[in-house]
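Please look through the sequence and the structure shown here.

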Amino acid sequence: SNVPFAIRDAEVFKNYLHKLYGMPLENIDFLKNATFGEMSQAISRLERLMELDGADNDIVVFYSGHGMPEETTKEPFLIPVDINGTNVSQGIALKNLMKRLSEKPHGRISLIIDACFSGLGKNEPLVGLKGITIKPVNPELGNNMLLLSSSSGNESSVVDQENKHGLFTYQLLKILQETEGNISIQDLYNTLRKDVGINAIKKFDKIQTPAILLGKNLKDKAGEVKIIGH
């Protein structure tokens, strides 16, 4: 199923990493309409780079696209373009991805995901089971890891046709632009939760609540550190 503006979400986020945070383009891997093989290769490449030069360096993973929960375990999966929604377990398990990265040398790992894991999809259900949703379980985080996601529980993630972005991504980019990135994780989340919630109700008559999970080393620092550091 098509996900409107997912590529645009990632392209603009890439530009923000480069222009707002000064991340060299050579340090950014950009995947468009990625297959399972392409995503797996990119993850393995990142792991190798972290093994060689990961200590004290911050890692940022941004994903806009489809997510689905596995029906039995309720664990969330990222769904590459060549994986059918009826074969969720053949996608990228978010739990495994986070575990693999957390085991490599790193400073902080920030995962930012504009996808819902209820099965509703962003524009239409990924499988033909209208009205059937699953509340996914939260994955475990590494100590220096944070996960910021676009919606909670069995909610869907709204597409903002007017601004040509996922609603979550648009509001996130708007906050980062207005603050020039100088905003703590806690303040960013509080603002984002409010802005996404209000716009989802006013524009789309939907409930959408961004969620954040913090590793134990970040919980006491959420009011000080930024979502993207150095």
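Ala93 has a relative accessible area of 11%, which is under the 20% limit, so Ala93 counts as buried. The model in which this value was computed is a predicted one. Ala93 belongs to strand 4, which covers residues 92-93.

Apart from its neighbours within four places in sequence, Ala93 is in contact with Pro76 and Phe77. Between Ala93 and Glu70 the C-alpha to C-alpha distance is 9.2 Å, and in sequence these two are 23 residues apart.

## The chain as a whole

The protein chain contains six helices and nine strands. It has 230 residues, of which 47% count as buried.

Among the contacts in the protein chain with a separation of 6 or more, 72% are between residues 24 or more positions apart.

Four strands form an open sheet in the order 1-5-6-9, and the pairing is mixed. Strand 1 (59-64) and strand 9 (211-214) each have a single partner strand and stand at the edges, so one side of each has no neighbour in the sheet. On average, and with direction ignored, neighbouring strands of this sheet are turned by 10° against each other.

Strands of a sheet pair through backbone hydrogen bonds, in either a parallel or an antiparallel way. Strand 5 (residues 109-114) is paired with strand 6 (residues 145-149) in the parallel sense, over five bridges. Ile109 stands opposite Met145 of strand 6, and Ser110 has Leu146 of strand 6 as its bridge partner. Strand 6 and strand 9 run antiparallel and are joined by four bridges. In this pairing Leu148 stands opposite Ile212 of strand 9.

## The two faces of strand 6

Which residues point one way from strand 6, and which the other way? Met145, Leu147 and Ser149 point one way, while Leu146 and Leu148 point the other way. In a regular strand the side chains alternate between the two faces of the sheet.

Strand 6 is mostly covered, with five of its five residues buried.

Helix 5 (residues 185-204) lies across strand 6 and strand 9, and runs at about 160° to strand 9.

Gln171 is a residue of helix 4. Its relative accessible area is 4%, which is under the 20% limit, so Gln171 is buried. With its neighbours within four places in sequence left aside, Gln171 is in contact with Leu192, Asp195, Val196 and Asn199.

Two packed helices are described by the angle between their axes and the distance between the axes. Helix 1 and helix 4 pack at an angle of about 15°, and their axes are 11 Å apart. The angle is under 35 degrees, so helix 1 and helix 4 are roughly parallel to each other. The crossing in which helix 1 passes helix 4 is left-handed. Helix 1 contributes Asp9, Val12, Phe13 and Tyr16 to the contact, and helix 4 contributes Thr169, Leu172, Leu173, Leu176 and Gln177.

The count of aromatic pairs comes to one. This pair is formed by Phe13 and Phe62 and is stacked, with 4.4 Å centre to centre and 15° between the planes. Phe13 lies in helix 1 (residues 6-19) and Phe62 in strand 1, so the pair ties together parts that are 49 residues apart in sequence. Both Phe13 and Phe62 are buried.

## Helix 2 and helix 3

How do the axes of helix 2 (residues 36-53) and helix 3 (residues 94-102) cross, and at what angle? They come within 10 Å and cross at roughly 20°. This angle is under 35 degrees, so helix 2 is roughly parallel to helix 3.

Helix 2 passes helix 3 in a right-handed crossing. On the side of helix 2, the contact is made by Ile43, Ser44, Leu46, Glu47 and Met50. On the side of helix 3, Leu97, Arg100 and Leu101 take part.

Definitions and conventions: Residues are numbered from 1 along each chain as its sequence is written. This is a predicted model: local features need pLDDT of at least 70, side-chain atom pairs count only at pLDDT 80 or more; totals for chains, interfaces and linings use all residues. Side-chain values use heavy atoms; hydrogens and water are left out. Two strands pair if DSSP finds at least two bridges between them. Axes are lines fitted to C-alpha atoms, for helices over the stretch in contact, and angles run from 0 to 180 degrees between N-to-C directions. Contact means heavy atoms within 4.5 Å. Buried means under 20% relative accessible area, exposed over 50%, partly exposed in between (1.4 Å probe, protein chains only). Rings of Phe, Tyr and Trp (its six-membered ring) pair if their centres lie within 6.5 Å; planes under 30 degrees apart count as stacked, over 60 as edge-to-face and the rest as tilted. Angles under 35 degrees count as roughly parallel, over 145 as roughly antiparallel, 65 to 115 as roughly perpendicular and the rest as oblique. A crossing is left-handed if the near helix is turned anticlockwise from the far one by less than a right angle, and right-handed if clockwise.
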